[in-house]
Amino acid sequence: MSLSKDPLNLIIAGVGGQGNVLASQLVGRALVQENFYVTIGDTYGASQRGGAVMSHLRISQDSQFSPLIPEGQADIIVALEPVEALRVIAQYGNPSTSVVINSRPIYPTAVTVGDAEYPSMEKIKATIRELAQKSWFVDATEIALSLGSPIFTNIIMVGALAGTRLLPLAKEIYEEAIRESFPGAHLEVNLKAFAQGIGLIR
C-alpha cells in the first residue's frame, strides 16, 4: 500500500499522562514493519501531567525527513484531548487536514480554579469542522473506562486512526505492533481496546 502523499505528516497530541508518546511509537513501529521511513519528534509543553505533549511523525516511502513538521503541513492530527486538537490544527493544520479527536476534555488548572474558561464542545466541533477537511469525534475515554482504566484511551485512539484508513496499514500490522509492545498480561485488553477504537469509526 502506498502513501497518499510523501512525506505524510501525522501529529498525535494530548496532555502529559495520556500516553500519546506510546501511541506514536506504536504507530511508528507498525509503519516501519511495512518498510516505511518514519521520523518521530516529540515536543513537550510544561513537562508534567497536564502539560501539552505532541509527537510529530513524518512518514515516507523512500527517505528520512527532519523530525518536526513545518507549520501548516500536518495531513493527519490525532488528538487525545479536544482543546489540544484546536491548538494543533490552528498551528499545523490546513484545509486538507484530517482530524480524529477524543471528545473527553481534561481541564487545565487555570480552568478548575476559575482563571480561564474551557470552550464548549459545540464550539470546538464547529471550529474543527471549519478548519479540517474531515473530522471524527470519538468517545475513547468512555470506552477505556468500560475496559477498566482511562489508560487505554491512547490505544483506542490508535484503533480509531486505523479505522479511518488514513494510513496505508492493515489492521493486522497494528495488532502485530501491539503484540510487540505489550507482551504478557496486558496484551489481550490492549488488543480489545484497539478493536473497539476501530469500531468507533466504521
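This is a predicted model: local features need pLDDT of at least 70, side-chain atom pairs count only at pLDDT 80 or more; totals for chains, interfaces and linings use all residues.
Biologist: Which residues of α7 and α8 make the contact, and what classes do they belong to?

Modeller: Helix α7 supplies Lys 171, Tyr 174, Glu 175, Ile 178 and Arg 179, while α8 supplies Leu 187, Asn 190, Leu 191, Phe 194 and Ile 198. By class there are 6 nonpolar, 1 polar and 3 charged residues. Lys, Glu and Arg count as charged, and the contact contains Lys 171, Glu 175 and Arg 179.

Biologist: What makes α1 oblique to α6, rather than roughly parallel?

Modeller: Roughly parallel requires an angle under 35 degrees, and roughly perpendicular begins at 65. Helix α1 (residues 20–33) and α6 pack at about 40°, with axes 9 Å apart. The pair is therefore oblique. In this contact, Leu 22, Ala 23, Leu 26 and Val 27 of α1 meet Asn 154, Ile 155, Val 158 and Leu 161 of α6. The classes are 7 nonpolar, 1 polar and no charged residues.

Biologist: How do you know that β5 and β6 are paired strands?

Modeller: A pair needs at least two bridges. Strand β5 (residues 98–102) and β6 have 5 bridges, in the parallel sense.

Biologist: Why are β2 and β6 said to stand at the edges?

Modeller: The open sheet has 6 strands in the order β2-β3-β1-β4-β5-β6, with mixed pairing. β2 (37–44) and β6 (134–138) each have a single partner strand, so one side of each lacks a neighbour in the sheet. From one strand to the next, the twist averages 10°. Helix α6 (residues 153–164) lies across β1 (8–15), β4 (76–79), β5 and β6, at about 150° to β5.

Biologist: What makes the pair of Asp 75 and Lys 5 a salt bridge?

Modeller: The nitrogen must lie within 4 Å of a carboxyl oxygen. For Asp 75 and Lys 5, the N to O distance is 3.0 Å. The two side chains therefore meet the cut-off for a salt bridge. Asp 75 lies in the loop between β3 (52–60) and β4, and Lys 5 in the segment before β1, so the pair ties together parts 70 residues apart in sequence. The structure holds 5 salt bridges.

Definitions and conventions:
Residues are numbered from 1 along each chain as its sequence is written. Side-chain values use heavy atoms; hydrogens and water are left out. Helices (H or I, at least four residues) and strands (E, at least two) are DSSP runs, numbered from the N terminus. Axes are lines fitted to C-alpha atoms, for helices over the stretch in contact, and angles run from 0 to 180 degrees between N-to-C directions. Contact means heavy atoms within 4.5 Å. Angles under 35 degrees count as roughly parallel, over 145 as roughly antiparallel, 65 to 115 as roughly perpendicular and the rest as oblique.
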